[in-house]
Amino acid sequence: MKNIIIMKKPRIIFWILLLSISCISHAQNSISLTKRNPIYMDLTPSFSAGLTKKNISDDSQWLNYTTLVHPSDPTISITVEIASGSIPKGLEMQIEASHYIGMSKGKPGIPTGKIIVTHIPRVLIDNIGTSYTGSGRNEGHQLTYSFIITDYSKLLSGTTTIYLQYTITQ
């Protein structure tokens, strides 16, 4: 009789809830995301040799903002941080904002590039002046969330929920 070994694929599921948004500046400044629903990312690995590497990313979110900055005031930044939850061991979460897309009047901000998301606020968009980016998809800055596997041996099955907080600061 043959012994049959069945290997279960580890499955890691992320719910990135982008519901926490705050403004630390003047009352007329606001920030919003186009899709307030969770982003579901399935990191089920492939154990088949020769298959291409699975891209673990999502770019369905757009960041929109309205800012009013007095000419004598410094410019505004938008930061992002993990407000609740944590990234499982063996993974790194990155976020990148695209350059501004739309027909805004004013001075939309400049993305700082791909950043690693942690519990410490990091500047995602900098040098924002008085600006209105529009609202909805295809206006403002498109956000790309990516997960990088840093250590396969530390990956565990399970579901993880992460809340991100975006903050306008001056």
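Strands E4 (residues 57-67) and E11 (residues 141-149) run antiparallel and are joined by 5 bridges, strands (E, at least two residues) being DSSP runs numbered from the N terminus, as are helices (H or I, at least four residues). Within this pairing, Leu-63 has His-141 of E11 as its bridge partner. The model is a predicted one, in which local features require a pLDDT of at least 70 and side-chain atom pairs count only at pLDDT 80 or more, whereas totals for chains, interfaces and linings use all residues. Residues are numbered from 1 along each chain as its sequence is written, and side-chain values use heavy atoms, with hydrogens and water left out.

E4 also pairs with strand E2 (residues 30-33) in the antiparallel sense, over 4 bridges; two strands are taken to pair if DSSP finds at least two bridges between them. Here Ile-31 stands opposite Tyr-65 of E4. A further antiparallel pairing, over 2 bridges, links E4 to strand E10 (residues 131-132), with Tyr-132 of E10 as the bridge partner of Thr-66. Strand E4 is largely enclosed by the rest of the structure, because 8 of its 11 residues are buried (under 20% relative accessible area; exposed is over 50% and partly exposed in between, with a 1.4 Å probe and protein chains only).

The largest nonpolar core comprises 28 residues, such a core being a set of buried Ala, Val, Leu, Ile, Met, Phe, Trp, Tyr and Cys residues joined through side-chain atoms within 4.5 Å. The residues with the most contacts inside this core are Ile-78, Ile-95, Leu-124, Leu-143, Leu-164 and Tyr-166. At least two core residues are supplied by each of E2, E4, E5 (76-84), E6 (91-97), E9 (122-128), E11 and E12 (158-169). Beyond its neighbours within four places in sequence, Ile-95 is in contact (heavy atoms within 4.5 Å) with residues including Val-80, Ile-115, Leu-124, Leu-143 and Tyr-166.

Most residues other than glycine have a negative phi. Asn-127, although not a glycine, has a positive phi of about 65 degrees; this residue lies in strand E9 and is partly exposed, at a relative accessible area of 29%. Asn-138, likewise not a glycine, has a positive phi of about 65 degrees and is located in the loop between E10 and E11.

The chain averages a pLDDT of 78, and 72% of the residues score at least 70, on the predictor's per-residue confidence scale from 0 to 100. Over residues 1-10 the pLDDT is below 50, and this stretch has 7 contacts beyond near neighbours in sequence. For residues 18-27, where pLDDT stays under 50, the model has 35 contacts beyond four places in sequence.
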